[in-house]
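Dear colleague,

I am handing over the structure below, together with notes on what was found in it. Please read them with the model open beside you.

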Amino acid sequence: MEKRIKISKRIIEEFKEGETVNLGVGIPTLIPDYLGDKKLYLQSENGLLGIGPTPPEEDINMELISASKKPITMDVGASLFDSSDSFAMIRGGHINVAVLGALQVDETGEIANWAVPGATILGVGGAMDLVAGAQRIIIATLHTAKNGEPKIVEKLTFPSSGVRKADMIVTEHAVFKFKDNKMELVEILSDVTIEELKEITGAKFSHS
């Protein structure tokens, strides 16, 4: 959990005051708990604009949940709506930033975050719409999968989520940005060395 919180806090630094930000499944749903005084309009694809922090246990209402099916609260002025309105916001280009989890990201920024070959598929959800419709895409992910394999790879082996590319990846170890289909290391977030980072990253990246 400590690694996931670290990733969430670093991503918050990328937001501009007043932006509308969609929070995908997984690590992104931790973000409301660490915003501090920064005012954002947090959107969940299941029909809420104005996500607040996690409620205390005694106030949990499981009819009010995030995309990860975790309990949330509503910020002052929040609104509820159905899926058609939610996806109209996403497809209409009204989401400034989408923060998404990922199964894989390749060295050009192409994203795979909806299916694992051979595994049961629960549903695409909003993955492809968010990849296509958000103005900026930030990937929040642990650097490696549970089996130790890199999640940042030279070429996707999982099904792609769309032709749109990520603008940034934040892991517990590093921050990468993409420009002209190339990946650049812009910040190291742990005590890992460049050489160690290359060993756990399956993609080529530049660095200064």
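The buried residues of α2 are Ser-86, Phe-87, Met-89 and Ile-90, where buried means under 20% relative accessible area, exposed over 50% and partly exposed in between, with a 1.4 Å probe and protein chains only. Seen down the axis of α2, these buried residues fall within an arc of 150 degrees, so they line one face of the helix; the arc is that of the directions from the helix axis to the C-beta atoms. On the other side of α2, Ser-84 and Arg-91 are exposed. Among the elements that cover the buried residues of α2 are β1 (20-23), β2 (41-44), β3 (48-52) and α3. Just after α2, Gly-93 takes a positive phi of about 80 degrees. Helices (H or I, at least four residues) and strands (E, at least two) are DSSP runs, numbered from the N terminus.

Before going further, please keep in mind that this is a predicted model, in which local features need pLDDT of at least 70 and side-chain atom pairs count only at pLDDT 80 or more, while totals for chains, interfaces and linings use all residues. Residues are numbered from 1 along each chain as its sequence is written, and side-chain values use heavy atoms, with hydrogens and water left out.

Thr-141 is found in the loop between β8 and β9 (152-153), and it is buried, with a relative accessible area of 2%. The side chain of Thr-141 makes a polar contact with that of Lys-151 at 3.1 Å; such a contact is a pair of N or O atoms within 3.5 Å, where within protein one must be able to donate a hydrogen and the other to accept it, and residues adjacent in sequence count only if both atoms are side-chain atoms.

Finally, an open sheet of three strands has the order β7-β6-β9, with mixed pairing, and two strands pair if DSSP finds at least two bridges between them. β7 (111-112) and β9 stand at the edges with a single partner strand each, so one side of each is left without a neighbour in the sheet.

Note on methods. Contact = heavy atoms within 4.5 Å.
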